[in-house]
Amino acid sequence: MAPAMDIETPNVAENFNDHRDGLALEATSDAIDDVNVMKAAMKVKNGTATQEEVDIYDQSQFDAEKDKTQFRQYEDACDRVKNFYREQHEKQTVAYNLKARNDFKTKTRAEMTIWQAMEKLNTLIDESDPDTSLSQIEHLLQAAEAIRRDCKPKWFQLTGLVHDLGKLLFFYDSRGQWDVVGDTFPVGCRFDESIIYPGTFENNPDSKDPIYSEKHGIYSPGCGMDNIMLSWGHDEYLYHICKEQSTLPDEALAMIRYHSFYPWHSAGGYRWMMNDKDEKMLAAVKAFNPYDLYSKSDEMPDPAKLKEYYMELINTYFPPREGETERVIRW
Ligand SMILES: [Fe+2]
Ligand SMILES: [Fe+2]
């Protein structure tokens, strides 16, 4: 008998699931960001932040007035965010994560260039509300422009530009918001106290599994984070795409893969799984985080004016193949 085919024939005719409520996803995603900004602010106020974190916070244009508004937003955000996390923390199991990865590998959801993906994400999320606070393209360009202003390398700028494109997942085969956005965490080992709302894992069957509920679970200390299964979402999805279809360096791939792994990069959890490579990756992810969290109040970028500059970067790290002027990415 012939061995089972691992890769199905790509089905690129699949329709976008555009009845999905992109605005609701964005509202959740924004509330999650608000909570992470407030957590950073509280660390500074409690005196538990490192000097580097204090400096970043000081530079982030959050004056006292804004802090107060932010705090109100935080309280509103909390309810929404807590409900969101309760669902996510119940449903992100090892079994679900294995299935999500298998679905990812055996299907091509669409074929588009990077720029087309940016526009597509923008339309899917924002078309129903032109007054929405910040469009996807603007967030991506703001992050990239802030990185560029600080004279960081081109691959770093491009990472800012693409880091959230994985949110397209919401319009393909995600099961809800909970497997697209939100802080991420490892599955297959005990859910750590460094995860936001650690009390909400009670109904996750893995928390009662004899192996998965052990501190190290299916892993061993120092095994390296390349070998860890992180909860499935926009970060992990885009990481796999970029790993296979771009020439972005490891630091960029880490920024993409771990940008929502707050329990690790901001709360200091899961150090036991790191190897030497991960120490370097952690520094990269920490360098990226402020651009994601704090560039949202920057000036509005104009996509038409910036396209030419960023197309050159895209073509460098997503090199076109023979017969292409722009690399068509399999999503
Ligand atoms: Fe993100
Ligand atoms: Fe982002």
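Which helices do the buried residues of helix 11 pack against? The legends below take up this question and others.

**Figure 1. Overall fold of the predicted chain.** The model is predicted: local features need pLDDT of at least 70, side-chain atom pairs count only at pLDDT 80 or more, and totals for chains, interfaces and linings use all residues. Residues are numbered from 1 along each chain as its sequence is written, and chains are lettered from A and ligands numbered from 1 in the order in which they are written. The chain has twelve helices and two strands, where helices (H or I, at least four residues) and strands (E, at least two) are DSSP runs numbered from the N terminus. Along the sequence the order is α-α-α-α-β-α-α-α-α-α-α-α-α-β. Of the 331 residues, 40% count as buried; a residue is buried if 20 or more other C-beta atoms, placed from the backbone, lie within 10 Å of its own, exposed if 12 or fewer, and partly exposed in between. Among contacts with a separation of 6 or more, 77% join residues 24 or more positions apart; a contact means C-beta atoms, placed from the backbone, within 7 Å.

**Figure 2. Helix 11 and its neighbours.** Helix 11 (residues 276–294) has 19 residues and reaches 29 Å from its first C-alpha to its last, close to the 27 Å expected at 1.5 Å a residue; the expected span is 1.5 Å times one less than the number of residues. Its buried residues are D278, M281, A284, V285, F288, N289, P290, Y291, D292 and Y294. They pack against helix 2 (51–58), helix 6, helix 7 (154–162), helix 9 and helix 10 (262–265).

Figure 3. S295 is in the loop between helix 11 and helix 12 (303–317). S295 counts as buried because it has 24 C-beta neighbours inside 10 Å. Leaving out residues up to four places away in sequence, S295 touches Q142, A143 and A146. The C-alpha atoms of S295 and A144 are separated by 9.1 Å, although these residues are 151 apart along the chain.

**Figure 4. The largest nonpolar core.** This core has 71 residues, and A117 and L168 have the most contacts inside it. A nonpolar core is a set of buried Ala, Val, Leu, Ile, Met, Phe, Trp, Tyr and Cys residues joined through C-beta atoms within 7 Å. Helix 6 (residues 136–149) gives the largest share of the core, seven residues. Residues up to four places away in sequence aside, L168 touches A117, K120, L121 and W331.

**Figure 5. Helix 8 against helix 9.** The axes of helix 8 (residues 234–245) and helix 9 (residues 250–258) come within 7 Å and cross at roughly 155°. Helix 8 is therefore roughly antiparallel to helix 9, a term for angles over 145 degrees. From helix 8 the contact uses D235, E236, L238, Y239, C242 and K243, and from helix 9 L253, I256, R257 and Y258. Six of these contact residues are nonpolar, none polar and four charged.

**Figure 6. Two tyrosines with positive phi.** Y197, in the loop between helix 7 and helix 8, has a positive phi of about 50° although it is not a glycine. Y197 counts as partly exposed because it has 16 C-beta neighbours inside 10 Å. Y270 lies in the loop between helix 10 and helix 11, and its phi is positive too, at about 60°. Y270 counts as buried, with 21 C-beta neighbours inside 10 Å.

Key:
Two residues are in contact if their C-beta atoms, placed from the backbone, lie within 7 Å. Axes are lines fitted to C-alpha atoms, for helices over the stretch in contact, and angles run from 0 to 180 degrees between N-to-C directions. Angles under 35 degrees count as roughly parallel, over 145 as roughly antiparallel, 65 to 115 as roughly perpendicular and the rest as oblique. Ala, Val, Leu, Ile, Met, Phe, Trp, Tyr, Cys and Pro count as nonpolar, Asp, Glu, Lys and Arg as charged, and the others, Gly among them, as polar.
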